[in-house]
Amino acid sequence: MCYSNKEDGFELEVDSQNANGTFVVVNNIIRGNQDGLSLESVPEPLGATYIVSNNTIAYNHYDGIYVYGDASFTFCNNILYNNGSFIVPANGKLGPSSDYYGIDFGSDQGTFYLSHNCYFGNYDGAYGMLPADITLIGELYANPLFVAPWDDNYLLGTQSPCLDAGIPTSAPTFGSVISDIRGVSRPQGNAYDIGCYEMVQSSWSPISTKPLLTHNLTMATQLWTCVQDAIEGNDDLGPEAEELMDVIQDHMAQAETISNPVYASGKLRKAISLMEQLNEILECGCTA
């Protein structure tokens, strides 16, 4: 995380002495700086390359990304969120900025390839004036629905439009991205997620959880049969035991009607736990 710097988060400059430089910026959270990224190539170096993929760039005071000069720029799967919205002007009063964007093109030079970036809440919009040589593919203009961005939690929520909405960025031309900021492999779903986080997909399925359901059903059946045999003919179990029996039977009945094996297994586990309590109260001596 690159945050709260008085000037830019990352300032990457190429000059004529380093005209063939390649800069790769992937899997970062860049927030609360002046410009999030400042990428400048002067005076007109030839062969310089900037690759910016799968970053979350949020709440920077000026532009999310500022670019200037003649170079090759590739931006893929980035989230540009609420940049240019929290400037403190010279008079000290908190207020919005002006002329600040998700991506601000400072000149009409360079070659730009932008694919599947997400823009939301940037004060003056997604882009500044677009340069002549630019390709835009699959750009997304929607709230990424972070879990809690005000608390620096930029995980994608379950309803985020950025889930499975990116392009593969594993090739060197897109930054060689094969995992997220935590090391979670990409993709987890059908496609790469946009931003620095990849949502971890659940590994359970009805087939994979069926053995657990079968195991819990066997345990519940054995315990319930043993307890019933132990109390047969006993008409005075006491109010606590009577109440436990009612709740146990309710959980067992619900487990029979639930099609989701995870929830059904959970009901059976609750029934088993209550059976174990009942077993102790009545001293039935049952085990499963």
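Visitor: Which residue's side chain does a polar contact of 2.8 Å join to that of Arg186?

Guide: This is a predicted model, in which local features need pLDDT of at least 70 and side-chain atom pairs count only at pLDDT 80 or more, while totals for chains, interfaces and linings use all residues. Residues are numbered from 1 along each chain as its sequence is written, and side-chain values use heavy atoms, with hydrogens and water left out. A polar contact is a pair of N or O atoms within 3.5 Å; within protein, one must be able to donate a hydrogen and the other to accept it, and residues adjacent in sequence count only if both atoms are side-chain atoms. At 2.8 Å, the side-chain partner of Arg186 is Glu198.

Visitor: Is Arg186 buried or exposed?

Guide: Arg186 is placed in the loop between strand S16 (153-156) and helix H1 (206-231), where helices (H or I, at least four residues) and strands (E, at least two) are DSSP runs numbered from the N terminus. Its contacts (heavy atoms within 4.5 Å), not counting residues up to four places away in sequence, include Asn27, Asn54, Tyr192 and Asp193. Buried means under 20% relative accessible area, exposed over 50% and partly exposed in between, with a 1.4 Å probe and protein chains only. Because the relative accessible area of Arg186 is 7%, this residue is buried.

Visitor: Which residue has its backbone oxygen 3.0 Å from a polar atom of the Arg186 side chain?

Guide: Ser179 is among the residues that Arg186 touches. The backbone oxygen that lies 3.0 Å from a polar atom of the Arg186 side chain belongs to Ser179.

Visitor: What is the order of the strands in the open sheet of five strands?

Guide: Two strands pair if DSSP finds at least two bridges between them. Strand S9 (residues 72-76) is joined to strand S12 (residues 111-115) by five bridges, and four bridges join S12 to strand S14 (residues 134-137). The pairing in this open sheet is parallel, and the order is S3-S6-S9-S12-S14.

Visitor: Which strands are the edge strands?

Guide: An edge strand here pairs on one side only, and the two concerned are strand S3 (22-26) and S14.

Visitor: Which residue in S12 is the bridge partner of Cys76?

Guide: Along S12, Tyr113 stands opposite Thr74, whereas Phe112 stands opposite Ile134 in S14. For Cys76, the bridge partner in S12 is Ser115.

Visitor: What distance does helix H3 reach from its first C-alpha to its last?

Guide: Helix H3 (residues 261-282) has 22 residues, and the expected span of a helix is 1.5 Å times one less than its number of residues. The expected value is 32 Å, and the distance that H3 reaches is close to it, at 31 Å.

Visitor: What relative accessibility does Cys286 have?

Guide: Just after H3, Glu283 takes a positive phi of about 55 degrees, and Cys286 is also placed in the segment after H3. Cys286 touches Leu223, Cys226, Val227 and Asn279, not counting residues up to four places away in sequence, and Asn279 is itself one of the buried residues of H3. Cys286 counts as buried because its relative accessibility is 6%.

Visitor: What percentage of the residues in the protein is buried?

Guide: The protein has three helices and 16 strands. Of its 288 residues, the buried ones make up 45%.
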